[in-house]
Amino acid sequence: MSAWYTYEDRLRDHYLAYQLLKRKLRPTFVKAHIKTISQHELKAMYYAIHFHGPTNGQLPVVKTIPASRESFLYLTLFLSIYQITCKVNPQSRMDVPAILFTWDYFHRTFEHLIPEERPYGKVRPANFNEAWVLAQGMREGQVVLKYCPRCRHNYAVFYESKFRPVCQLCELADANVNSFRPNMH
């Protein structure tokens, strides 16, 4: 920890760390954003809030978050809310208050549909870590929102994912129409 930070900076960072950790953001992500608090102290804060340590394992990767075409509806909704609430350009910087607001709103809206632990359902992001990774992916250009002239809605494109960069809602609608066609023979 550096002596160059003011008391107000450290107090602001502690409050922000608390806000992030209470939503179970992994201390690794918090440490990358907050410089005035050590990794050890962040882990201690996490434990003090949740009475257990942070989960171990691989960090989420943006290209693996969309699990099905149906999940794109929720991902697009989350990213659209985030983009609207950002006070900065989400492609250039992360807006932490916007991520917090978007996750809280999204989580309240779909609270009973989001499983707390794996296996995750179709409602994604399934946790705040995924929400954070989505915002990072938007900043890094790994995920973008585009406009579909056919259905006239935004849709999310995840580069390097297993899904083609097209409107997955239109693709899903086309697949449903084609699967219910009666056999004329």
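What is the volume of the largest pocket? The answer is about 750 Å³. The model is predicted, so to speak of local features a pLDDT of at least 70 is needed, side-chain atom pairs count only at pLDDT 80 or more, and totals for chains, interfaces and linings use all residues. Residues are numbered from 1 along each chain as its sequence is written, and side-chain values use heavy atoms, with hydrogens and water left out.

**The largest pocket**

- A pocket is an open set of points on a 1 Å grid over the protein atoms alone, where a 1.4 Å probe fits, with protein on both sides within 12 Å along at least five of seven lines; lining residues have an atom within 4 Å of a point.
- Among the 29 lining residues, Thr-55, Glu-116, Tyr-120, Asn-127 and Asn-129 are the closest to the centre of the largest pocket.
- Helix H5 (96-109) and helix H6 (128-140) each give two or more residues to this lining, and H6 has the largest share, 3 residues.

**Helix H3**

- Helices here are DSSP runs (H or I, at least four residues), numbered from the N terminus.
- Leu-42, Met-45, Tyr-46 and His-50 are the buried residues of H3 (buried means under 20% relative accessible area, exposed over 50%, with a 1.4 Å probe and protein chains only).
- Seen down the helix axis, these buried residues fall within an arc of 110 degrees, so they line one face of H3.
- On the other side of H3, His-40 and Ala-48 are exposed.

Key
The arc is that of the directions from the helix axis to the C-beta atoms. Grid points are joined across faces, edges and corners, and a volume is the space filled by probe spheres set on the points.
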